[in-house]
Amino acid sequence: MPTRSAQEWIRTSLRTPGILIFGMVLAPCGWILNLTATVAPNWRTIHAIPNEPVDLIIQQGIFDICRAFDSSREIECNQQDTTYFNNQIIEIAQGLMVASLIVTLIGLAVAIPGVRCWRNSPNWTIAGLGGILIFLSGVMTIIPISWYTHIMDSITTATPTTDVRVGFCIVLGYIGGIFEILGGFVMFIGICRCCGGKNRGERPIEEVASSQFRHQKPTRTPRRVDVPSLNRSKSSASSVPYSKDSMDDDVSFPRAKSPAARSVNTSYSGRPYDADL
């Protein structure tokens, strides 16, 4: 019998592996968060501006600047600030954030056919390649977000920076980048089979065969049962304690018996007694 050079594996379920589902859910969620962080003008906010209304807030992003008023909820966008947009971090953040969005879409387009694409088993190589692209897009998001946060107080602007605070875009960018890094990494580890094939939902074919053999119920040998014959000769002997003659007695209901002849007393002159009449 020829020996196999490589161990054969078999999938224990036809469902999509959990690591691929995990990656395909986190990647789009991270892309939406990164898109919001890119276009929203709220990477940092400036409060308590001198010679300006108390409720005025300057919201600065990487593509736009807005003036917001807390009392009236009025927002004025498309503010010009060449000093702010000429900072190096702003130019780098613009390029990396846009590139991250594009790379995420490419990674999803590559990973989707590899995940299942109407096949019985995933194409782990293509799915892993898509995971690498998604992972890189997450890294491209984290770099400008963390850099901007680190030097946020020192970024120059035409507005006096007396009270600078972190905007919600920084938080969304961090969450979106982490989602993409985790999703891409989990999809990438499917390229190599580890943990006994559990990451792919596979088991060695020898192990599956031996497990089925152990759980197989042994076949039972049919048991022969001797059934007594019904064609037996009648026996005259009986275990019932009564005689054969008693069987001939009339044992039917009393009303079914024929009435016995009434006796007539003829002891006195051949005439019946009055009581016998």
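Predicted model: local features only at pLDDT ≥ 70, side-chain atom pairs only at ≥ 80, totals over all residues.

**H1 and H4**
- The axes of helix H1 (residues 18–39) and H4 come within 11 Å and cross at roughly 30°, so H1 and H4 run roughly parallel to each other.
- As for handedness, the crossing of H1 past H4 is left-handed.
- On the H1 side you'll find Ile19, Leu20, Ala27 and Asn34, and they meet Trp124, Ala127, Ile134 and Thr141 of H4.
- Sorted by class, that H1–H4 contact comes to 6 nonpolar residues, 2 polar ones and no charged ones.

**H3 and H4**
- Helix H3 (residues 88–115) pairs up with helix H4 (residues 124–150): their axes come within 7 Å, with a crossing angle of roughly 160°.
- H3 and H4 are therefore roughly antiparallel to each other.
- By class, 23 nonpolar and 7 polar residues make up the contact of H3 with H4, and no charged residues take part.
- This crossing of H3 and H4 is left-handed too.

**The nonpolar cores**
- The largest nonpolar core holds 22 residues, and Trp43, Ile58, Tyr84 and Tyr148 have the most contacts inside it.
- At least two residues of this core come from each of these: strand E3 (56–60), strand E4 (65–69), H3, H4 and helix H5 (168–188).
- H3 is the top contributor here, giving 4 residues to the core.
- Take a look at Tyr148: setting aside its neighbours within four places in sequence, its contacts are Trp43, Arg44, Gln60, Tyr84, Ile89, Ile90, Ile155 and Ile170.
- There's also a second, separate core of 11 residues, with Leu20, Ala27, Ala127 and Ile134 among them.

**Two loop residues with positive phi**
- Arg73 isn't a glycine, yet its phi is positive, at about 55°.
- You'll spot Arg73 in the loop between E4 and strand E5 (75–76), where Arg73 is exposed, with a relative accessible area of 70%.
- Asn78 is another non-glycine residue with a positive phi, in this case near 60°.
- Look for Asn78 in the loop between E5 and helix H2 (82–85); Asn78 is exposed, at a relative accessible area of 60%.

Note on methods:
Residues numbered from 1 in each chain as written. Heavy atoms only, no water. Axes fitted to C-alpha atoms, helices over the stretch in contact; angles between N-to-C directions. Parallel < 35°, antiparallel > 145°, perpendicular 65-115°, else oblique. Left-handed = near helix turned anticlockwise from the far one by under 90°. Nonpolar A, V, L, I, M, F, W, Y, C, P; charged D, E, K, R; others polar. Core = buried A, V, L, I, M, F, W, Y, C linked by side-chain atoms within 4.5 Å. Buried < 20%, exposed > 50% of the residue type's maximum accessible area, 1.4 Å probe, protein only. Contact = heavy atoms within 4.5 Å.
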